[in-house]
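Hi,

Here's the structure I promised to pass on. Have a look at it first, then read my notes below.

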Protein chains: 2
Amino acid sequence: MLITSEDNSLIKKIKKLREKKGRYEEGLFFVEGVNSVKEALNSRFKVEYVIVGEHVNLDYRGNFKLIRIKDGLFKKISDTVTPQKVMAVVRMPEFRVEDLIKEEGVFIVADNIQDPGNLGTIIRTADAFGVDAVFTINNSVDIYNPKVLRASMGSIFHIPVVATSEDVLFKLKEKGIKVFATHLKAESFVHEFDLKEGVAFVLGNEARGVSSLSCVDDFIKIPMTGKAESLNVSIAAAIFLYESQRQRLIKNK
Amino acid sequence: MLITSEDNSLIKKIKKLREKKGRYEEGLFFVEGVNSVKEALNSRFKVEYVIVGEHVNLDYRGNFKLIRIKDGLFKKISDTVTPQKVMAVVRMPEFRVEDLIKEEGVFIVADNIQDPGNLGTIIRTADAFGVDAVFTINNSVDIYNPKVLRASMGSIFHIPVVATSEDVLFKLKEKGIKVFATHLKAESFVHEFDLKEGVAFVLGNEARGVSSLSCVDDFIKIPMTGKAESLNVSIAAAIFLYESQRQRLIKNK
């Protein structure tokens, strides 16, 4: 069966998922493109629908409903200008924050990060460095925003990414995780701290910096000798994660 | 005097600067927004015109022509959806590659980098770490592309950024600079190399990697323990520059 009408109830439902409100009402989000759909199907996430265009043939396996729609309809439901005509509609997972916090773990707390490309890149980088979880707090952009998911390149399916509240900082500290907040006026550089034990890096808003200072053990900065006054927040995140990784590799030699 | 018509010759000239061809014909490029215009005026670059909207008042000083235009005209010449109504038209500088290569320097070679946001972020990060020059080769996106300039946040005015050819790799090597190319299949990690002497990092295309292997001393990779297969190229650049910076700081202690 081929869906040809914009008035079809499933098409209407998927259209809603482009907005945050619609996503949370339905408990669903979507990813687009062959690679992201594969990542979804190979993950523990529940894929409800795989939506394909008129002439797309797939050999995906899994317990999902396959829906074929008129090519023209993709423009109505996609977040991109030139849709790839392959989409997965996925159920939001439920994580218990407490279960994710391991004593020797590495964590990212995104505090009011607004730019979807930045948050997506942070998630991708966190995945590359084997981070245990990414938490978003204080009005950060929605983790299921299609632009976040696109920049994360499927990493949302590899590591736990959880929209939560400032409480997570208390929970991290209770478990003995050292909480570092990035700050230009910090007194010490990232490489001067011992990052081999459990660590969490709180990354602040692109313009205003970190807003949650509760539970922060120390401020941390990146050695900059040039004229640019700041780094992009996703660049800062990467440097913290790299430095932690480097120290752990040297320790385990 | 207020320019009100799209047919004005200056407006026509600036419109051309949105395209690479027009920029190189005129030898000019433009930056938008109060901060970038200030950076341009505080730099050694020659600012030809500062263009402002009907009600913008500035206290900029310098040897430039101040041009006031009808607010509506900004949409015709700007690269953004909501123009800031302040723009500087700047003459392209001329650099001699040889003059920029210092023996103990740090250099970035962007090899066929396509995404303007990536190149702009690389330039901003290079500036933050006090890099001596950024060279682009092999069909990288134009350094004066408005989207590159926007992501670079004014850093183009702080460090030399030069569109050149693969020859730059020979020139670097001649001066004793160690040339590293990023490669997923490299045998050694970035922190295992001595990056305290003169170094150049060749960063490859987002999908295809480095294309210029001439003069490469060694391949270099970033320690990744997670599931993401790669990092964004601007993230990789930042980690190389941070590691080089870290080693130099420790050496100088």
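Chain A comes in two domains: domain 1 covers 2-91, and domain 2 covers 97-251. Keep in mind as you read that this is a predicted model. If you take the centres of these two domains of chain A over their C-alpha atoms, they sit 30 Å apart.

So where do the two domains meet? On the domain 1 side of chain A, 12 residues are in contact with 7 residues of domain 2 of chain A. Three elements of chain A each supply at least two residues to that side of domain 1: α2 (20-26), β2 (28-32) and α3 (34-41). Of these, α3(A) gives the most, with 4 residues. Sorted by class, the residues on the side of domain 1 of chain A that touches domain 2 are 5 charged, 4 nonpolar and 3 polar.

Next, have a look at how the two chains touch each other. Chain A puts 28 residues into the contact, and chain B puts in 28 residues too. On chain B, the elements that give two or more residues to the side touching chain A are α6 (116-128) and α9 (233-251). Which of them gives the most to that side? That's α9(B), with 8 residues.

A handy way to start is to colour α3(A), which gives the most to the domain 1 side of the domain contact in chain A, and then α9(B), which gives the most to chain B's side of the chain contact.

Cheers

Note on methods:
Residues numbered from 1 in each chain as written. Chains lettered and ligands numbered in written order. Predicted model: local features only at pLDDT ≥ 70, side-chain atom pairs only at ≥ 80, totals over all residues. Contact = placed C-beta atoms within 7 Å. Domains from an automatic or database assignment. Nonpolar A, V, L, I, M, F, W, Y, C, P; charged D, E, K, R; others polar.
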